[in-house]
Amino acid sequence: MQYLKYLVFGTLFGFILMRAEVISWFRIQEMFRFQDFHMYGIIGSAILIGMISIMLIRKFNAKDIHGNPITIEPKDSSQMYRYTIGGLLFGFGWALTGACPGPVFALLGSGISVFAVILLSALAGTYVYGYFQKQLPH
Amino acid sequence: MFEFLWQPWPWYVTGPIIGLMIPIMLFFSNKALGVSSSLRHTCAACAPGKIEFFKYDWKTQGLWNIIFVVGILLGGFLGGYIFANPDPIAISEATKTDLQALGITDFEGYVPSDIFSWSNLFTVHGIIIMVVGGFLVGFGARYAGGCTSGHAISGISNLQLASVVAVIGFFAGGLFITHVIYPLIF
């Protein structure tokens, strides 16, 4: 039962991704061609609201629902190879499939069954990364 | 009166709601919004083998994330099947013209069936887009330590330099595929 909330959050997130159309290959193409403000508006305003929220959480030392201090794990900013090379490779995949991981699940749920191939390929990519992790520059 | 459930919502509604997911999840579960780690947890749950990267207690660290993406699947079913928008995605005319020049003819659904269909899977561009593209999404997300949600939304909101660098990489990679590779594979 303690996990039910994650199902609710995920459902809400997936539904919003569909209404926002960020799951659409067309919208991703439009973004990478700088032909509409739609995607930039969504990502920009999401970051703005997220940033203000986190600033307020910090300022007031906000607690979570159980009274524990809210903690956000920082990313390791000393490993720049991984963010540049990994970021670039992810960008290739994002533009090719027109979908980042969230939309892959949402599109599969919407009934476009061939996205199962993309999901399995993404799992394979994750697995191969795990296998070669030690050999890759980070 | 419930037409809005079927219709697309403007960016200034959906963007802020996505942003609000961050404090909502932090408040109710002390978890940072992110999707791609679920792929790692799935590998760890199904086939860890001898790989150190997959040897950890996925139930305590990752079960929540796997349930979260099952939710996204359900949200996609609700938003894209039950309340499917009957109209084509209203992309700009300029994009439509560009994509028609690439050979795209189907603008009806969320994604073009010219590319994303089972019958197209075993063509050269089908394999490059779906199989290689999917592989790079999974490989790149783990290499970079996050995807659009974990880096672009959560990470930049938390003022992480690492996330800014990763997102610049996402965009540089996307621009390269769109403007250099797409004209070659279609």
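Q: How far apart are the mean positions of the positive and negative charges of chain A?
A: This is a predicted model. In chain A, the mean positions of the 10 positive and 6 negative charges are 6 Å apart. For chain B, with 7 positive and 9 negative charges, the corresponding figure is 25 Å.

Q: What makes A:Ser121 a buried residue?
A: Its relative accessible area is 9%. Buried means under 20%. A:Ser121 is therefore buried.

Q: Where does A:Ser121 lie, and which residues is A:Ser121 in contact with, leaving aside its neighbours within four places in sequence?
A: A:Ser121 sits in helix α6 of chain A, residues 115–132. Its contacts beyond those neighbours are B:Met130, B:Val131, B:Gly134 and B:Phe135. A contact here needs heavy atoms within 4.5 Å.

Q: Why is α6(B) described as largely enclosed by the rest of the structure?
A: Count its buried residues. They are 10 of the 10, so α6(B) is largely enclosed by the rest of the structure. The list includes B:Thr148, B:His151, B:Ile153 and B:Ser157.

Q: What covers the buried residues of α6(B)?
A: Elements of both chains are involved. From chain A, the cover includes α3 and α4 (80–97). From chain B, it includes α1 (11–29), α5 (124–144) and α7 (161–185).

Q: How many cavities of 30 Å³ or more does the structure hold, and how much space lies in the largest?
A: There is 1 cavity of 30 Å³ or more. The largest cavity holds about 220 Å³ of space. It is lined by 19 residues, and the closest to its centre are A:Leu17, A:Val22, A:Cys100, B:Thr148 and B:Ile153. A cavity is space where a 1.4 Å probe fits but cannot get out.

Q: Which elements each supply at least two residues of the lining of the largest cavity?
A: Chain A supplies α1 (4–20), α3 (38–59) and α5 (101–109), and chain B supplies α6 (148–157). The most comes from α3(A), with 4 residues.

Q: What makes the other space a pocket, and how much space lies in the largest pocket?
A: A pocket is an open set of points, whereas a cavity does not let the probe out. The largest pocket holds about 1100 Å³ of space. Its lining has 38 residues, with A:Glu73, A:Lys75, B:Ala32, B:Ser37 and B:Gly145 closest to the centre. Elements giving two or more residues to that lining are α4 of chain A and α1, α2 (37–46), α3 (58–82) and α6 of chain B.

Q: How many helices and strands are there in chain A and in chain B?
A: Chain A has 6 helices and 0 strands. Chain B has 7 helices and 0 strands.

Q: What share of each chain counts as buried?
A: In chain A, 57% of the 138 residues fall in that class. In chain B, 54% of the 186 residues do.

Q: What part of the accessible surface belongs to carbon and sulfur atoms?
A: Chain A exposes about 5800 Å², and carbon and sulfur supply 68% of it. Chain B has about 8100 Å², with 70% from carbon and sulfur atoms.

Key. Residues are numbered from 1 along each chain as its sequence is written. Chains are lettered from A and ligands numbered from 1 in the order in which they are written. This is a predicted model: local features need pLDDT of at least 70, side-chain atom pairs count only at pLDDT 80 or more; totals for chains, interfaces and linings use all residues. Side-chain values use heavy atoms; hydrogens and water are left out. Buried means under 20% relative accessible area, exposed over 50%, partly exposed in between (1.4 Å probe, protein chains only). Accessible areas come from the Shrake-Rupley method with a 1.4 Å probe; for residues, only the protein chains shown count as cover. Lys and Arg count as positive and Asp and Glu as negative; His and the chain ends are not counted. The place of a charge is taken as NZ of Lys, CZ of Arg, CG of Asp or CD of Glu. On a 1 Å grid over the protein atoms alone, a cavity is a set of points where a 1.4 Å probe fits but cannot get out, and a pocket is an open set with protein on both sides within 12 Å along at least five of seven lines; lining residues have an atom within 4 Å of a point. Grid points are joined across faces, edges and corners, and a volume is the space filled by probe spheres set on the points.
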